[in-house]
Each structure stands twice: as structure tokens, then as C-alpha cells.
Amino acid sequence: MEYNKIVSQTQVNIQVQSKINDFFNRFQIGTLMHRCGVRKRHGHSIRSLTEAIFILPFIGKNFYRGIVINEDNAFGKDAAYQLLRGTSFNWRRLLLFLGQRLFSILNRLTNDDRESVLIIDDSTYDRSRSKLVELLSKVYDHSTGRFLKGFRMLTICWSDGASCLPLDFSLLSSREAKKRICESKKDLDKRCCAYRRRKEATMKATELLEPMVKRILNTGIQAQYLLMDSWFTMPSTVITLAKHIKVIGMIKKSPKIFYTYDGNKLDVMAIYRRLKKRRGRAKILASTNVLLKDTVPAKLVFVRDRRKKDWLVLLSTDTGLADEDIVRIYGKRWDIEVFFKMAKQHLKLAKEIQCRDFDALIAHTTFVFMRYMFLSYQCRMETDDRSFGDLFYACCDEVKDISFIEALFRILTLACDRVKQFNNHCEKTATAFIDAIMEYALKSVNFSKNKVVFANL
């Protein structure tokens, strides 16, 4: 029995390795890493090191068991640590390049009437047991209401409602020096990626949102809306981001945040009291248009809170969007919550490796994001019929080329042939039946076309 388990596990590992190899080959990840400055002058190739780290959670091993003490590897642990600690490696560009190539495939599988979105949110990067991690600080965890040691991981994802791609992130320490437990001690060139990462780690999160959105849109990745929760949907932030993309977000019910309504500056509670509510148990209670900082028009949609007897309010800079569509599109923000859960629980974010170097944390987080991209791609390819490629589009074109009249004629011809098999005397009746139906159908189609032409005139 034990032998059978070992054999089956070995077969699974071989299958996983094969899929990962195909993924690396198809998207030329080795070439992308070379373009992003992730290179080695000697020793084993970057790709072999990357694949060895990439596969760890899929075969049930952590970094220590899979890399440090694994004698089956052709390379030593120092080579892997050297890859993670590189100061000139542009991991952000690698993530964007890979996301761009995946987007080009997934976007072809997305219907034109389905909105693709960018989602911004942050989550805690927990290192509560650490003491000497570079730039370690006290951060507030909104889910538990307590402070912990670690970082805030500001993340932006692309989603079409079926697949989610994490495209960019920033590990944020505290802006206040007194809340930082450890400082950066590396002597770095100010032109390298490592220095810029450390600099942005002590910046305000809202200052990083616009550069992140611009970087993603400049790569050619398309999205109709940007979704945010109440921690980011402030009037000044929305105005800044609305220059690049339409924004939908939930806003705080705060007496200190004002919107221009009917010429008066009011908070959302005062605006809600002035609106006429919908009757009954309507999910959408009311909606109205306001101005942000007296400049940018926006739409407020008040929604019933299902958890308690209260209401929530959504903001959209697309004032022509229907209330129901605003609520529906905002529901896609849940994809990033699924990503956080998956990254922490199954892809071993912040658990697989216990490095103290800030560059290693950035590199390993990039590997976790790439693993999720790999899973999103595999899931979409195996569940979406349109991923069969040319065969799917050929079938669609064939169905599209058959007109309604031709399809009706084919069906009736089959029915006529079936009737003829029962009685030879029914041939004339069946033929007359088909002719009558086809004549009526042709008259109906011509009448409809004439109506369209008359309407256009």
C-alpha cells in the first residue's frame, strides 16, 4: 500500500513538472527573465533555479526541504539564495511582462459584453515571529483589529470575472520610523531596483496607486473599470485615478468627507436622508449624481446591507452606468479576496521561506504571484471550450454562416424524409407542407427587412 502511494505521488509530480515546463516554454519565461535583468554569469541556468523554486508548493515541500537539504538538486542552496537576493533584478517588470502575455490569451476568450476590471486592495504580510527582517514594522490588520509585525502588501489584479491575474504589488513598511522595528542596512546604488523598492516601502499607499495603474495600462492590458474598497475610495484619490480609468468603489460613511449635491457640500448620510427611497425590500434603495471636489461628476448608489439593518454606498465615475450594473461590476472585486486566500493558504506566501533580506521577500512574492497566474491559466484552458482555438472559431463561423431560412429548410427536409418512410402517398402532402412554410417564412423575413429599411429612411 505504501509503495502504491509513493508511485502515485511520483506520477503526480511528473505530471505537474510537465505542465510547468509547458507553461515556461509557451510564455518564454527564461527569455522574459533575461530581459528583466535576472541573469547569471556562471553555474546553473536561471530557468532551472526558477523552476525548482516555482514547483515547491505543488509537490508539498517548502524551501528548506525542497532546496536547502535536497541532495537531488543539481545546484546548491547558495545559488538559490543568490537568485532571490539579487539587487538589480527587476521582478516587477517580469510580472508585468508575463501578465501581458497571459492577458493576450485570456482576453480573446472574454466576450465583448463582459467588463474586464482592475482591482486594488491590500492585505497583511505576516512575519509575527521575526525580529531582524529588513524594514519589518508594526502594521494594522483590519480583519482582526490588532497590530502585528510584518508588511502591508498593496496589490493590483486584472479580472474578467472568470480569471484573475495579479499584475503588480508593493510591500509597504510603516512611514513612521518609530513603528519600524528594523531599518535597511544595505549599501545600495540609488539607480538599482532594490533601492527604489525600499524607497516606496516607506511611502503612503495612495501615492503608489496612480503609478501602478499607469504601468499596467501602458503595457497594453485593457480594463474598463478600476475597483476599490472603502479604504482607498477617497475623493482626491478617485479624481487622480479617474484621469486614466473609470472608478467604482465603496465609500466610507464619514461626517468628514463631503460631496457636492444640489449646490451644497454634504456627507453621504445627509445626502441619503434627502433622497426618496424605493419601496419594499428593494436591494437598491436610491441613487443620485454628485460632484467630487466640485470638478469630477460621480454617481452614488445606496444598497441595502444584507448582514444587518443598514445600507452601503457605491461610487462610480461612470454616471451613465445603470445602478444594477454598478453593483454587479463591483461584485468582481471578490476575485482579489480569493487570490489573497489562495496565496497565503496554498501557495505559501510568507510561510515557505524565512529570509530576512527585503529583496528576497520581493522575489519570493513574485514567485507566488506567478504560481497563481499559472493556476489561472491552467484552469481557464481546461474549463473554457473556447481555449480549443481554431476549432472553436471554425464551428462558430459555420453556425453563423447558416441563415435562419437555410436552417429551417434543413429541419423541414429531414422531417419530410422521415414522413416519406411511413407512406409513399404522403410525398405530395409533405412537399406542399414544406413549400407553404418556406413561402410564409420568406415573406416574414422580407417584411422585417422592409420595416428596417423604412425605419432607417
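Start by selecting Asp 359, which is buried at a relative accessible area of 5%; buried means under 20% relative accessible area, exposed over 50% and partly exposed in between, with a 1.4 Å probe and protein chains only. This is a predicted model, where local features need pLDDT of at least 70, side-chain atom pairs count only at pLDDT 80 or more, and totals for chains, interfaces and linings use all residues. Residues are numbered from 1 along each chain as its sequence is written, and side-chain values use heavy atoms, with hydrogens and water left out.

Asp 359 sits in helix 13. Helices (H or I, at least four residues) and strands (E, at least two) are DSSP runs, numbered from the N terminus. Now show what surrounds Asp 359: leaving aside neighbours within four places in sequence, its contacts are Leu 84, Arg 85, Gly 86, Thr 87, Lys 186, Ala 194 and Arg 198. Contact here means heavy atoms within 4.5 Å.

Stay on helix 13 and select Arg 380. Arg 380 is also buried, with a relative accessible area of 4%.

**Into the core**

Next, select Trp 91 and Phe 302, the residues with the most contacts inside the largest nonpolar core, which has 128 residues. A nonpolar core is a set of buried Ala, Val, Leu, Ile, Met, Phe, Trp, Tyr and Cys residues joined through side-chain atoms within 4.5 Å. Helix 13 (residues 358-383) gives the most to this core, with 14 residues. In soluble globular proteins, nonpolar side chains tend to be buried together.

What does Trp 91 touch, not counting residues up to four places away in sequence? Its partners are Met 33, Val 38, Leu 83, Ile 362, Ala 363, Thr 366 and Phe 367.

For another covered element, colour helix 3 (residues 46-54), where seven of the nine residues are buried. Among them are Ile 46, Leu 49 and Phe 54.

**Two pockets**

Now look for open space. On a 1 Å grid over the protein atoms alone, a pocket is an open set of points where a 1.4 Å probe fits, with protein on both sides within 12 Å along at least five of seven lines; lining residues have an atom within 4 Å of a point. Grid points are joined across faces, edges and corners, and a volume is the space filled by probe spheres set on the points.

The largest pocket holds about 1900 Å³ of space. To find its centre, select Met 250, Arg 307, Arg 333, Trp 334 and Glu 337, the closest of its 50 lining residues. Elements giving two or more residues to this lining include strand 1 (117-126), strand 10 (296-305) and helix 12 (334-345). Coloured by class, the lining has 20 nonpolar, seven polar and 23 charged residues. Ala, Val, Leu, Ile, Met, Phe, Trp, Tyr, Cys and Pro count as nonpolar, Asp, Glu, Lys and Arg as charged, and the others, Gly among them, as polar.

Move on to the second largest pocket, with a volume of about 570 Å³. Select Arg 152, Ser 173, Arg 175, Lys 204 and Ala 205, which lie nearest its centre among 21 lining residues. Strand 2 provides the largest share of this lining, four residues.

**Zoom out**

Of its 457 residues, 46% count as buried.
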